Amino acid sequence: MSRDRIIEAAAGVFARNGYHRTRMDDIALAAGVAKGTLYYHFPGKSDLFRALATEGLEMLLRQTQDALDAQVPFVGQLRLVVSRILRLYMEYSELAHIFFHEITSGLDDDVLRDINDVRTRFLGFLAQLLDEGNRCGYLQVPNPELAAAGLIGLLDGMCRQQLQHPDRLTPTQVEETLMSMLLQGLDAQRQANA
């Protein structure tokens, strides 16, 4: 289907070029469709980005929720979520950065609102997961909503570091470091006294 092919091609082009440097001509070329076909499905770049961002985050959220099993202990669930988000960052680093950070120019207000709505639901999902970790005794997070936003920031920073230094850092090291920070914290003295 042309629409799916366009969205898939757009993901790669946005990931390589960022939002502002991407042109609709670049996407049409990457998708192998005529410009008329592209504009039939998406009247403008912001409409295409909205579809990509909202559908991509919805898919990530849906897949992650579906994969979570009540029989799996909390740590396994948290690791699954972290692993899925890491894969998104590693495959589409620039696009993931755009997804999870505010874009202040170049997008219509209604497009920003739609993207922010999905982002808010995704952060709410992460906050619920962290709150579950509190209830199960795995975490001591005073504000799960704030911690969810911080988790995305940590992932972003760690993934960017790994992508800049792939000879020194692996995605597995990113995942293990993040999980250690989430589950054990940075306070070695507190851990030794526990």
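Me: Exposed means over 50% relative accessible area and buried means under 20%. On that basis, is Thr 172 buried or exposed?
Reply: This is a predicted model. Thr 172 has a relative accessible area of 51%, over the 50% cut-off, so Thr 172 is exposed.

Me: Which helix holds Thr 172?
Reply: Thr 172 belongs to helix 9.

Me: How far is Thr 172 from Leu 86 in space?
Reply: The C-alpha to C-alpha distance between Thr 172 and Leu 86 is 9.5 Å, although 86 residues separate them in sequence. Leu 86 is one of the buried residues of helix 5.

Me: Let us stay with helix 5. What is its span?
Reply: Helix 5 covers residues 74-91, which is 18 residues, and reaches 26 Å from its first C-alpha to its last. That is close to the 26 Å expected at 1.5 Å a residue.

Me: Which residues of helix 5 are buried?
Reply: The buried residues include Phe 74, Leu 78, Val 81, Val 82, Ile 85 and Tyr 89. Gln 77 and Arg 84 are also among them.

Me: Why would residues three or four places apart point the same way?
Reply: An α-helix has 3.6 residues a turn, so residues at that spacing point the same way.

Me: What about the largest nonpolar core; which residues have the most contacts inside it?
Reply: That core has 28 residues, and those with the most contacts inside it are Leu 78, Ile 85, Phe 122, Leu 126, Ile 152 and Leu 155. At least two residues each come from helix 4, helix 5, helix 7, helix 8 and helix 9. Helix 5 supplies the largest share, eight residues.

Me: And what does Leu 126 contact?
Reply: Neighbours within four places in sequence aside, Leu 126 is in contact with Val 81, Ile 85, Ala 148, Leu 151 and Ile 152.

Me: Which residues does the second core include?
Reply: The second core is separate and has 24 residues, including Ile 6, Val 13, Val 111 and Ile 115.

Me: Changing topic: how many aromatic pairs are there?
Reply: There are five aromatic pairs. One of them joins Phe 14 and Tyr 19, with 5.8 Å centre to centre and 10 degrees between the planes, and that pair is stacked.

Me: What is the geometry of Tyr 19 with Phe 49?
Reply: The planes of Tyr 19 and Phe 49 stand at 70 degrees, over the 60 needed, so the pair is edge-to-face. The ring centres are 5.2 Å apart.

Me: Which parts does that pair tie together?
Reply: Tyr 19 lies in helix 1 and Phe 49 in helix 4, so the pair ties together parts that are 30 residues apart in sequence. Ring pairs link Phe 14, Tyr 19 and Phe 49 into a cluster.

Me: What lies over the face of Tyr 19?
Reply: Lys 45 does, at 4.5 Å from the ring centre.

Me: Then Tyr 40: buried or exposed?
Reply: Tyr 40 is in helix 3 and is exposed, at 68% relative accessibility. Its C-alpha is 9.4 Å from that of Arg 3, at a separation of 37 residues in sequence.

Me: Lastly, how many disulfides does the structure hold?
Reply: The structure holds zero disulfides. Cys 136 is partly exposed at 40% relative accessibility, whereas Cys 159 is buried at 0%.

How values were computed: Residues numbered from 1 in each chain as written. Predicted model: local features only at pLDDT ≥ 70, side-chain atom pairs only at ≥ 80, totals over all residues. Heavy atoms only, no water. Helix = DSSP H or I, 4+ residues; strand = E, 2+ residues; numbered from the N terminus. Expected span 1.5 Å × (residues − 1). Buried < 20%, exposed > 50% of the residue type's maximum accessible area, 1.4 Å probe, protein only. Phe/Tyr/Trp six-rings, centres within 6.5 Å; stacked < 30°, edge-to-face > 60°. Lys NZ or Arg CZ within 6 Å of the ring centre and 35° of its normal. Core = buried A, V, L, I, M, F, W, Y, C linked by side-chain atoms within 4.5 Å. Contact = heavy atoms within 4.5 Å. Disulfide = S-S within 2.5 Å.
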